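Colleague: Please take me through this model. I want to know what stands behind each label.

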Amino acid sequence: RIYEEGRESIPEHPYLFETDVEICLIGGSCKSPLERLWNGNNMMYILQKAQHNEESDPMEESKTDDAIYASELLPKESSGPVALSVRRAKQLISLYTMVQNPNMTHLKISELVVLPPLWIRCDGSDPEHTCWLGAEPLKAGNKITGINFYMVTCDGPAADKTCFANMEELKMAHKMKHHSSIVITKGFAQYELVRAAAIEDTIIESESNIYVDITWNTVDKILETPPLISAATLNITLESGDPRSPVYQLYRELQFLLALAEGLKTGVTEWPEPLESESAVQLVQEFLTDLKKKLDGYCISGNSNETEKIKCDTAAVDSSIKSIFSERGDLDFAEQLWCKMRSKCVSSYQELIMCFTLIIKSLEHGEIQPWIHQGSSSLLSKLIQQSYHGKIEVVSLSGITPIQMLLEIGLDKMKKDYVSFFIVKSGSCLLFQDYFISTSVDLQEQVHRVQKLHHMLEIMVSCTVLLQFKHENLFPLTQICMKYYKENPLNEKHVFQLPIRPALVKKFYQNDNPEIWKVDISSGHGQKEVKTTWQVSTNPPVEHMTSNTTGLFSDSTVNGSSEERMYFITMAKCSQVHFT
């Protein structure tokens, strides 16, 4: 029944079976809890111990249906999945197998249905410390011919490498179990790169999760370093806003932009505290006075050493990143205005009105004739263009208008900043601009897209600074990020994947221990293929181990060394039973 309902849509809540078992149906698009231990990618059952809510209605327990929704039995604060006893798991595996066995005619099952694979969380209470038991039907067309049984065991954590398996012994055990003469070995290793990355002899810590996954064929020994001919994939998950980031000042500028956007949406703007004693109004007045003097001819360009461009927060980055994200030298009037009002922090709505009042009066009286970039659609840019013809429309600086005006010039400026980086530094073509800098969508969506640009920038800068990536590596990574963000909302937890050559990052992991190292030993082909997996990992390989197996591995040794990497040791074995 669960399978039939799941064919239409994956249920949001688990089902209850015989009061003690939860049945979860997981679709192929969901992340599998066995992703490194089993290759299946279709629908499957996950069985685990039911977590009863003590405050549940006792009348609910009188329900006679064996399979009911168990959402009301979940605790108010979920503590994660809980495993069943190994004995109970074996009973459920037997039941699953029996109802699909065509030889069980006494059950009088009118029509046998090939069910999805079944995986049961186990508590490791047996001598082997079993953490998963699984079963998967073997099919010939639409008929079931047998069952693949799986058993996953786990020990550790331990640092004593003398308890690790021997490669030749693993291969021999597989051959004897499955009566195979030839086996194939495939290796996998995952290394954390950011923790080991160094700049100027200083280890740079980062909240960024940057790993490399490496796979190769033919494994000769346990924990061997992957050969350079391996296939490698860089996995990048990065959260913006790390104060140690070289572009943190740009992130703060973005936060001011977001505060304006939120104020525009809700009507309540959280103004930041002023950073300096000189107010934004004073700065704007001085800025307008300088422009008026230039227009009147009082400013002679005799001082060739003094640049006219305005330094702003975007350019106020540390020296290690200046070559990556450098100040633009073509800031127009509106962008320079944003820099002054942002860097000195307009601290109130009234102050914002005073600033724009000064500007509009100067435009009306023809005291200034500032230049602006072509293509700007902000209200202030329109007023400036009108001033060239001696007349500008009346603007009421009330309500949300002043905030919208400041938001618009900030958006224009930051879009150009990001585009400048992606074109100049990463060499990305101009095709993406229609989406990321489009003004045909509303302001809130424009802000959302600028957030995406910033997240991409943080990724590029991290790879440039921490991994010393050059243009040929940044270009494909930029394209991957842009493609994702043209189709998806902002998601800083997304894992961006970039295929690379191991040699590109080898210096960061060659002397380091892997986070995960495993070898798959297989024989046979198609449905007759059988596999043995041996794996070590720094984290528990299954999520239910951390919640209800405390003390299970207390007999592990660490050789008295706190510096040795602690590993969980996982074994996955399979066996086949044929019905005919």
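Modeller: The structure holds two cavities of 30 Å³ or more. This is a predicted model, where local features need pLDDT of at least 70, side-chain atom pairs count only at pLDDT 80 or more, and totals for chains, interfaces and linings use all residues. Residues are numbered from 1 along each chain as its sequence is written, and side-chain values use heavy atoms, with hydrogens and water left out.

Colleague: What makes a space a cavity?

Modeller: On a 1 Å grid over the protein atoms alone, a cavity is a set of points where a 1.4 Å probe fits but cannot get out. The largest cavity has a volume of about 60 Å³. Volume here is the space filled by probe spheres set on the points, with points joined across faces, edges and corners.

Colleague: Which residues line the largest cavity?

Modeller: The lining is D332, A334, E335, H373, S376, S378, S381, I409, D412, K413 and K416. Lining residues have an atom within 4 Å of a point. α9 gives the most, with four residues. Helices are DSSP runs (H or I, at least four residues), numbered from the N terminus.

Colleague: How do the lining residues of the largest cavity divide by class?

Modeller: Two are nonpolar, four polar and five charged. Asp, Glu, Lys and Arg count as charged; Ala, Val, Leu, Ile, Met, Phe, Trp, Tyr, Cys and Pro as nonpolar; the others, Gly among them, as polar.

Colleague: Why is α11 called roughly antiparallel to α12?

Modeller: Helix α11 (residues 443–467) and helix α12 (residues 471–487) pack at about 155 degrees, with axes 10 Å apart. Angles over 145 degrees count as roughly antiparallel, so α11 is roughly antiparallel to α12. Axes are lines fitted to C-alpha atoms over the stretch in contact, and angles run from 0 to 180 degrees between N-to-C directions.

Colleague: Which residues of α11 and α12 meet?

Modeller: K452, H455, M456, I459, M460, C463 and T464 in α11 meet L474, L477, T478, C481, M482 and Y485 in α12. Contact means heavy atoms within 4.5 Å. By class, this contact has nine nonpolar, three polar and one charged residues.

Colleague: Why is α4 called roughly antiparallel to α11?

Modeller: α4 (residues 248–266) and α11 pack at about 160 degrees, their axes 10 Å apart. That angle makes α4 roughly antiparallel to α11. The contact of α4 with α11 has 11 nonpolar, three polar and two charged residues.

Definitions and conventions: Helix = DSSP H or I, 4+ residues; strand = E, 2+ residues; numbered from the N terminus. Parallel < 35°, antiparallel > 145°, perpendicular 65-115°, else oblique. 1 Å grid on protein atoms, 1.4 Å probe; cavity = no way out; pocket = protein on both sides within 12 Å on 5 of 7 lines; lining within 4 Å.
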